Amino acid sequence: MKRRTFFRSGLAGAAGITMLGTPALAGNGNSAEGDIVYRTLGKTGLKLPVVSFGVMRSDNNSLVKAAYEAGMKMFDTAHGYMNGRNEEMLGGFFSQVPRDSFVIATKVKPAGVDRAGLPTKETTAAGFIEQFDLSLTRLKMDYVDILYMHAADTVEMVRHKEIVNAMLDLKKKGRVRFIGISTHKNEPLVINTMAEDGIWDVVLASYNYRQTYLPELNSAIDKAASAGMGIVGMKTLAGGWLDRERTRPVNVQAALRWVISNPNVHTTIPGITAFDQLETDLKIMKDVMLTDQDKAELIAESDCPGLYCNACSNCVPGCPNNLPIPELMRAYMYAYGYRNAAMASELLSEISVKADPCAGCESCTSTCVRGFDLRGKIADISRLVNVPYDLLA
Ligand code: SF4
Ligand code: SF4
């Protein structure tokens with residue numbers, strides 16, 4: 001199937017048949033207060049605007065304040081974002097407003113998970129809880145609303161007894177209201193496993209119009225929603241840009257409305273780092289209808305490889321050096337799409353990549369379903385390995 005045809009079918013399958021052309025407020029679990037469109041986050045019962053705040057790269061609490069005052073309710077951070085400054089910034093602002101007027105989600109990544117996403121003997125509950133305690137201190141809170149196990153992409157992690165029991169215990173003790181998992185690789189497998197296990201309240205999963213396995217992902221999301229799980233969409237803007245030079249932005253309105261057009265996605269967390277982005281997201285929060293023009297623009301964009309790697313791992317078997325290509329491509333997106341070299345550097349360090357890891361390989365035998373120039377991108381991004389982190393952070 002040609003890429004264009006593939007994306008066309010993805011767009012039709014996911015957005016909608018059921019949703020396209022349907023008034024956004026008619027059914028589909030939506031409700032409205034003022035102009036804002038709300039959905040209920042599964043069995044948590046939390047009623048949230050369809051657009052929430054992805055705080056990951058933001059260190060500006062006046063932006064958070066403006067979003068809060070404009071009606072955004074959920075703010076999503078993680079223990080690892082900005083070396084903790086992200087949680088500290090949120091703690092600074094939210095300690096001044098009533099605790100029940102906002103929802104905080106944070107994530108803790110279990111230590112020692114190997115390149116294949118499998119736990120090792122360093123993957124312990126004690127380490128997980130230690131990090132969570134620090135997150136609460138930074139946030140100046142007694143509890144968080146949602147705690148995710150960060151970036152789990154295997155069944156072994158979803159069912160890691162020690163970590164899962166630690167999360168259930170935190171919930172029992174009231175230090176966490178709801179538990180979940182965040183995943184941006186093997187999402188259908190992770191979500192299906194979570195739905196089967198019945199203990200999870202929420203999943204935070206990558207979801208955007210450029211993903212190449214939308215039928216499987218949509219089916220897993222449907223199953224999880226039927227099981228009562230809350231579904232939060234991330235990576236909704238697919239990297240934000242279509243080119244390394246940032247001359248071609250992804251159409252934010254169309255991309256975000258496309259995600260929201262799935263009624264089983266209860267809210268989304270686009271990253272917000274500037275007031276103009278906030279303004280756009282606030283408009284979409286009130287006007288969610290995916291128009292024919294939006295659809296046409298997404299289809300037109302879909303011919304371009306873009307910066308977003310959907311971590312399908314199709315390229316991995318073709319690489320004799322067994323490079324972690326999806327993570328390298330994600331680091332590339334962080335550097336050029338998000339313009340966040342520090343995040344890219346952190347990821348490269350996590351996956352222990354050397355400078356120019358393709359050296360010694362005569363020609364590239366790995367191919368990407370999107371048509372990425374894998375060797376060129378890897379050579380480009382791995383230069384960061386030689387740049388001291390303190391020059392980037
Ligand atoms: S050139 Fe291609 S096949 Fe060779 S190491 Fe790099 S990604 Fe792998
Ligand atoms: S680089 Fe291409 S083939 Fe490899 S995981 Fe990403 S999208 Fe899939």
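Predicted model: local features only at pLDDT ≥ 70, side-chain atom pairs only at ≥ 80, totals over all residues.
Q: What makes the crossing of α2 and α3 right-handed?
A: The crossing of α2 and α3 is called right-handed, because that term applies when the near helix is turned clockwise from the far one by less than a right angle.

Q: Why are α2 and α3 called oblique to each other?
A: The axes of helix α2 (residues 61–69) and helix α3 (residues 85–94) cross at roughly 50° and come within 10 Å. Angles under 35 degrees count as roughly parallel and those from 65 to 115 as roughly perpendicular, and the rest, apart from angles over 145, as oblique, so α2 and α3 are oblique to each other.

Q: How do you know that α2 and α3 meet, and which residues are involved?
A: Asn61, Val64 and Lys65 in α2 meet Met89, Leu90, Gly92 and Phe93 in α3, where contact requires C-beta atoms, placed from the backbone, within 7 Å. By class, the residues of this contact divide into 4 nonpolar, 2 polar and 1 charged.

Q: Why is α7 described as roughly parallel to α8?
A: The axes of α7 and helix α8 (residues 214–226) cross at roughly 15° and come within 9 Å. Because angles under 35 degrees count as roughly parallel, this crossing makes α7 roughly parallel to α8. The crossing of α7 and α8 is left-handed, and the residues of their contact comprise 8 nonpolar, 1 polar and 3 charged. On the α7 side the contact includes Glu187, Pro188 and Ile191, and on the α8 side it includes Glu216, Leu217 and Ala220.

Q: What angle does α7 make with β9, and which strands does α7 lie across?
A: Helix α7 (residues 187–197) lies across β8 (176–183) and β9 (202–206), and runs at about 170° to β9.

Q: What makes β4 and β11 edge strands?
A: In the open sheet of 8 strands the order is β4-β5-β6-β7-β8-β9-β10-β11, with parallel pairing. Each of β4 (53–54) and β11 (267–268) pairs on one side only, and these are the edge strands.

Q: How do you know that β4 and β5 count as paired?
A: Two strands pair if DSSP finds at least two bridges between them, and β4 and strand β5 (residues 74–76) pair in the parallel sense over 2 bridges. Across this pairing, Gly54 stands opposite Asp76 in β5.

Q: In what sense do β2 and β3 pair, and over how many bridges?
A: Strand β2 (residues 36–40) and strand β3 (residues 47–49) pair in the antiparallel sense over 3 bridges, and the bridge partner of Thr40 is Lys47 in β3. The two strands form a hairpin with 6 residues between them, and Gly42 in the turn has a positive phi of about 55°.

Q: Which residues come nearest to ligand 2, and how does its shell divide by class?
A: Of the 14 residues around ligand 2, Cys309, Cys312, Asn314, Cys315 and Cys368 come nearest. The shell around ligand 2 divides into 10 nonpolar, 3 polar and 1 charged, and because Cys is counted as nonpolar, Cys309, Cys312, Cys315 and Cys368 fall in the nonpolar class.

Technical notes:
Residues numbered from 1 in each chain as written. Chains lettered and ligands numbered in written order. Near = placed C-beta within 6 Å. Helix = DSSP H or I, 4+ residues; strand = E, 2+ residues; numbered from the N terminus. Contact = placed C-beta atoms within 7 Å. Axes fitted to C-alpha atoms, helices over the stretch in contact; angles between N-to-C directions.
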